[in-house]
Amino acid sequence: MKLTKKRSHYFAAMLALPVTVAFVINAPATAATNPYSDVTVKDGHYDAIIELTEQGVVTGVTKTLFQSTKPATRGEAALFIANALGFDQTSGKNPNFKDLTTNSPYYGAVVALYERNIIGGYTDGTFRPNAILKRSEIAKMLTLAFELEVANVTKTKFADVNAIKDANTKRYIQTLIDYGITMGTTATTFSPYATLTRGQLTTFLHRAITATDDFTIISVE
């Protein structure tokens, strides 16, 4: 059997299933409860926020406030990505970032992503967990974290991305386009240098999970 990988850590479990199993039908999901007073169905990120909160992937700034429009930080992105991919956040070698203590709520997630070369620190020895992320930065993090196949093209449908000089940044953004993870801020703009919000981060994560949460059988030999 030849498989094309979308999420490598599913392989062992799937291959262990009896060969007579053709498919699995998931039980209908029950409606999730909305714990946030500031998130309504009119919010474009509503479904992603509620579903990923119920699954323990994302959390609000308090138990009753999510603050969808608040800027997302490097620490939050690391934590949410590690949660989404089920990374072990209880072990790993301390990267010794000067501004990240072992009792930080982001410490375990940062270690997990750092060991996998998904994120790195700065030349001054800091990680800057409270630094605000740009939309172009999350493109690279998601591509590496979800092991997406990086796009070969460097010309996108977004005029403001085509103006970027760094070819790799363009490729990471195009990768998100290819997987349906981003639709852009308009039909022709991605806003690569705009601040990434918590709502956008959650929607990107939700789409990345949806795009990679399976495998495809190419042929049976």
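Predicted model: local features only at pLDDT ≥ 70, side-chain atom pairs only at ≥ 80, totals over all residues.
For the classification of residues used here, Ala, Val, Leu, Ile, Met, Phe, Trp, Tyr, Cys and Pro count as nonpolar, Asp, Glu, Lys and Arg as charged, and the others, Gly among them, as polar.

In the second largest pocket, the lining residues divide into five nonpolar, two polar and three charged. The volume of this pocket is about 250 Å³. Its lining consists of Arg74, Ile118, Ile119, Gly120, Gly121, Tyr122, Leu133, Glu137, Lys140 and Met141. The greatest contribution to the lining comes from H5, which supplies three residues.

Helix H5 spans residues 135-145 and packs against helix H3, formed by residues 74-85, at an angle of about 25°, the two axes lying 11 Å apart. Because angles under 35 degrees count as roughly parallel, H3 and H5 are assigned to that category. Their crossing is right-handed. On the H3 side, the contact is made by Ala77, Ala78, Ile81 and Leu85, and on the H5 side by Ile138, Met141, Leu142 and Ala145. By class, the contact of H3 with H5 comprises eight nonpolar residues, with no polar and no charged ones. Met141 of H5 takes part in this contact and also lines the second largest pocket.

A further packing arrangement involves helix H8, residues 198-212, whose axis comes within 12 Å of that of H5 and crosses it at roughly 25°. H5 is therefore roughly parallel to H8. The crossing of H5 and H8 is right-handed. Arg135, Ile138 and Leu142 of H5 make the contact with Gln200, Leu201, Phe204 and Leu205 of H8. The residues of this contact divide into five nonpolar, one polar and one charged.

With helix H7, residues 167-178, H5 packs at an angle of about 70°, and the axes are 8 Å apart. Since the range from 65 to 115 degrees counts as roughly perpendicular, H5 is placed in that category relative to H7. The crossing of H5 and H7 is left-handed. The H5 residues in this contact are Ser136, Ala139, Lys140, Leu142, Thr143 and Leu144, which meet Thr169, Tyr172, Ile173, Thr175 and Leu176 of H7. By class, the contact of H5 with H7 contains six nonpolar, four polar and one charged residues. Lys140 of H5 belongs to the contact with H7 and is also among the residues that line the second largest pocket.

Methods
Residues numbered from 1 in each chain as written. Heavy atoms only, no water. Axes fitted to C-alpha atoms, helices over the stretch in contact; angles between N-to-C directions. Helix = DSSP H or I, 4+ residues; strand = E, 2+ residues; numbered from the N terminus. Parallel < 35°, antiparallel > 145°, perpendicular 65-115°, else oblique. Left-handed = near helix turned anticlockwise from the far one by under 90°. Contact = heavy atoms within 4.5 Å. 1 Å grid on protein atoms, 1.4 Å probe; cavity = no way out; pocket = protein on both sides within 12 Å on 5 of 7 lines; lining within 4 Å. Points joined across faces, edges and corners; volume = space filled by probe spheres on them.
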